[in-house]
Amino acid sequence: MAGAFDEAYDVVVIGGGHAGCEAAMAAARMGMNTALYTMNVDLIAQMSCNPAIGGIAKGHIVREIDALGGVMGRVIDRVGIQFRLLNSSRGPAVWSPRAQADKQSYRVEMRRVLEQQERLRIKQAEAVAILRDGGRATGLELRDGRKVQAQAVILTTGTFLNGLIHIGDHRYSAGRSGETPSIPLADSIKSIGFEWGRMKTGTPPRLDSRTINFSVLEEQKGDSRPTPFSFETGAITQPQVSCFITYTNDRVHQIIRDNMSRSPLYSGQIQSIGPRYCPSVEDKVVKFPDKLRHQLFLEPEGLNTNETYVNGLSTSMPSDVQMMLVRAIPGLENAEIIRPGYAIEYDFVQPTELLPTLETKKVEGLYHAGQINGTTGYEEAACQGLMAGINAALKVQGNSSLVLERSQAYIGILIDDLVTKGTNEPYRMFTSRAEFRLHLRIDNADQRLTPLAHRIGLVSEAAFARFRAKQGRMERLAAHLRLAKVEVDSGRIAADQALKRPEVRIESCLDSVPSELREQMSWEEMKSVETSIKYEGYLKQQTAEVEKLRKAESRRIPVDIEYHAIPGLSREMIEKLSRIRPTTIGQASRIPGVTPAALCILHIHLEASSNRKETA
């Protein structure tokens, strides 16, 4: 063991949230001796906000995590207590799975998975400083004085960096409710010289389900045929529970208006920006004054608890006001609050400080993932952790990094958005952020990403064999549908041509398929074949557009390029390009404010430089 270090690993991960779990698992599965340091091992993978995984676009991300060999999808499939496929009445591009989790079981199962992973050690300790030698990370220092050596360090600190909780005019330092914040580590990170800021997120009150009148509420059941998140899950077999819907009303809104001066959001106590797409109930009342009511979802936090999460009622109002507004809601007239809602402010590092690998530009071997990068959501955090873990392992191995393109994955879109544009509000993924939504569906995430994961060692030979067998079954079904004839209004036509009609579904074509093949295939595999056939024309158009984007992305920009030495670039363009340091022309084109004229000048300069090298 070198020098003054007390322990040594290839990769160390700071933080045991959703990003930290995926980062640690990825590095360990790729053969790295890995340690995950967290302040409380009993709260690994804690669901500090809503007890659910997936949702619009988030479900796509979880499928992609699974296709890349991550673990979030497998864990939620084992402990989910209600599964729903959102947007099922719309096109397949926006179908998104979502599942309520048994909150405690999720945490326990994730820890079990981590503890069974070879080369991974879980450590309970507080990291207080990033150790550096010149411009390279060398490890971390712990609160008790121990020093840990590492070739790569991954920061997944969540809301713990200088975390400050607000409930009315009461505020106190915390990383989450009941947990201490990370203050020395925040100071250590700031000393590096990163551009940083403050963000805010919040949670709703949790209610005692025994005090809720469910008989007057609208029941929301799960799907009769649950959609798993993991491609390795055959079927969801555990019992499903119901959620319930209620609404705010004018009385609730009036209570909020009457007490607005006591809200830290509007009293000036909170200065930072919260998530636009998950606003507090105070924000909803103020910003949508004409809306008579707002929908609320009552979601159970687990099978063995009375705690109920009130999705849609995030608030930092004083506790007494929270009680008044809860009891003004239909069905909650006698409800008791187990935990009040709160807002939390925390530090983040502007993600333009990162390379597309999620390695920091200022410190080699230091990676950031999750809310430290300005994102919100378990899924967004987990996919960043996965990619940081992958790239940290590849760097230690001396191999080329893995950067997903925007046309390959929602994960690629998320990271490209962050490192190119930065963010001034908590970033959340939506399907609308994707240029090629029909290409980035939940059913084909494994086709897009599993071969990549297998190449770098994240998908086992056995799992890859199952993937190839699945692709073979789907190819055989597509071939049968091209040859088989089915009856339609105009007579008998090829089944694949019939499927291109909006009203025709795969079910009506299966009689023409050999029973042996039908029995081998899952329902989702059949629906994926149907989608590929039905939208074949659109997919061909998108494939052509993808190739155009890839040509722009293929024009690499040297990392040591001197923008001030390029004639014709304005001072503003030089500043923007020098700060972000894009790695391709495509990435440069997405930097806010970079003009087409500047891109043309840059392209000409790169062409000229390339020609000079060829003739030298």
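The accessible surface of the chain amounts to about 25900 Å², and carbon and sulfur atoms contribute 48% of that area. This figure, like every other one discussed here, refers to a predicted model. Of the 616 residues in the chain, 59% are buried. The charged side chains number 77 positive and 73 negative, and the centres of these two sets are 2 Å apart.

The overall architecture can be described next. The secondary structure consists of 19 helices and 22 strands. With a radius of gyration of 26 Å, close to the 25 Å that the globule rule gives for 616 residues, the chain is as compact as a globular protein of that length. The C-alpha trace spans about 75 × 70 × 50 Å along its principal axes. Among contacts with a sequence separation of 6 or more, 73% are between residues 24 or more positions apart.

Helix H3 provides an example of a covered element. This helix comprises residues 72-79, and six of its eight residues are buried, so that H3 is mostly covered under the criterion of less than 20% relative accessible area. The buried positions in H3 are Met72, Gly73, Val75, Ile76, Asp77 and Val79. In an α-helix, with 3.6 residues a turn, residues three or four places apart point the same way.

The region around strand E20 can be followed from histidine 368. This residue is located in E20, which covers residues 366-368. Histidine 368 has a relative accessibility of 0% and therefore counts as buried, the threshold being under 20%. Beyond its neighbours within four places in sequence, histidine 368 makes contact with Leu155, Phe194, Val349, Leu354, Leu358, Thr360 and Asn373.

Leucine 358 belongs to the loop that runs between strand E19 (342-349) and E20. Its phi angle is near 75°, a positive value in a residue other than glycine. Leucine 358 counts as buried because its relative accessibility is 1%, which falls under the 20% limit.

A second residue with positive phi is found in another loop. Arginine 581 lies between helix H17 (571-580) and helix H18 (585-589), and its phi is near 50°, again in a residue other than glycine. Is arginine 581 buried or partly exposed? At 29% relative accessibility, arginine 581 counts as partly exposed, because this value lies between the 20% and 50% limits.

The loop between helix H9 (378-397) and helix H10 (410-421) contains serine 407. Serine 407 has a relative accessible area of 1% and is therefore buried. Which residues are in contact with serine 407, leaving aside its neighbours within four places in sequence? They are Phe436, His439, Leu440, Val546, Leu549 and Arg550.

Strand E21 (residues 485-488) pairs with strand E22 (residues 491-494) in the antiparallel sense, over four bridges. A hairpin of two residues connects E21 to E22. Within this pairing, valine 486 has isoleucine 493 of E22 as its bridge partner.

Terms used
Residues are numbered from 1 along each chain as its sequence is written. This is a predicted model: local features need pLDDT of at least 70, side-chain atom pairs count only at pLDDT 80 or more; totals for chains, interfaces and linings use all residues. Side-chain values use heavy atoms; hydrogens and water are left out. Buried means under 20% relative accessible area, exposed over 50%, partly exposed in between (1.4 Å probe, protein chains only). Contact means heavy atoms within 4.5 Å. The radius of gyration is taken over C-alpha atoms; the globule rule is 2.2 Å times the number of residues to the power 0.38. Accessible areas come from the Shrake-Rupley method with a 1.4 Å probe; for residues, only the protein chains shown count as cover. Lys and Arg count as positive and Asp and Glu as negative; His and the chain ends are not counted. The place of a charge is taken as NZ of Lys, CZ of Arg, CG of Asp or CD of Glu. Two strands pair if DSSP finds at least two bridges between them.
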